[in-house]
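Here are my notes on this one, as numbered points. Have a look at the model, then read on.

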Amino acid sequence: MSLITEHLEQQGAAFEMLEHQQAYTSIEEARALGMDADEVLKTLAVRTGPGYVLVVIPAARRLDLRLVREAVGDHHARLATEDELGRDFPDYQLGALPPLGALVGANLYVDPEVLGHETVVFAAGTQTESVKMRTQELFEEEGFTTVALVKQPERGSDDPVE
């Protein structure tokens, strides 16, 4: 049993464990599971003055760091480095942080697009396991802030949003 499944069970949450090929990114995770990348969550650790916050966006979208900085009120906020992640989150493999701020002791910021899905899938702390559960139930026990966090396509641009 992992820290994540233990945490979810303690909350009485209903969830399904999904095993898949090794995936280093949330896009790879979606491919390995044969799912739409909008249903898979990307959880990123952001360094702020006092510590970390977690930001959660759909895997198919790109984080807008300017929006994150505005949301957290820290104009020096930045994505955590791989070294920082390995040191400060040793129980989780790279690219496999769960969207569970309470579990890792960080405030949670969630893009509104995430909340538009009935169910979501997220990394379960490893690059080969994911959790599928109802979105409402996932965030029910979490204190979180809903705020726009993703880059919007430029008007007239043919570039897809990654």
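1. Start with helix H3, residues 65–72: its buried residues are Leu-67, Val-68 and Val-72. Buried here means under 20% relative accessible area, with exposed over 50% and partly exposed in between (1.4 Å probe, protein chains only). Helices (H or I, at least four residues) and strands (E, at least two) are DSSP runs, numbered from the N terminus. The three cover an arc of only 120° around the axis, so they sit on the same side of H3; the arc is that of the directions from the helix axis to the C-beta atoms.

2. A word on provenance: this is a predicted model, where local features need pLDDT of at least 70 and side-chain atom pairs count only at pLDDT 80 or more, while totals for chains, interfaces and linings use all residues. Residues are numbered from 1 along each chain as its sequence is written, and side-chain values use heavy atoms, with hydrogens and water left out.

3. What do the buried residues of H3 pack against? They pack against S2, strand S3 (51–58) and strand S5 (107–110), contact being heavy atoms within 4.5 Å.

4. Both ends of H3 have something to check. At the N-terminal end Asp-64 is the cap, with a side-chain oxygen 3.0 Å from the backbone nitrogen of Arg-66. Just after H3, Gly-73 adopts a positive phi of about 70°.

5. Gly-49 belongs to the loop between S2 and S3 and is exposed, at a relative accessible area of 65%.

6. Buried or exposed: which is Glu-84? This residue of helix H4 is buried, with a relative accessible area of 10%. Beyond its neighbours within four places in sequence, Glu-84 is in contact with Arg-47, Tyr-52, Arg-78, Leu-79 and Phe-89.

7. Now the largest pocket, with a volume of about 460 Å³. A pocket is an open set of points on a 1 Å grid where a 1.4 Å probe fits, with protein on both sides within 12 Å along at least five of seven lines; lining residues have an atom within 4 Å of a point. The volume is the space filled by probe spheres set on the points. There are 23 lining residues, and Tyr-24, Thr-43, Leu-44, Leu-94 and Gly-95 lie nearest the centre.

8. Helix H2 (26–33), strand S2 (41–48) and helix H4 (82–88) are the elements giving two or more residues to that lining; S2 gives the most, with five.

Key:
A polar contact is a pair of N or O atoms within 3.5 Å; within protein, one must be able to donate a hydrogen and the other to accept it, and residues adjacent in sequence count only if both atoms are side-chain atoms.
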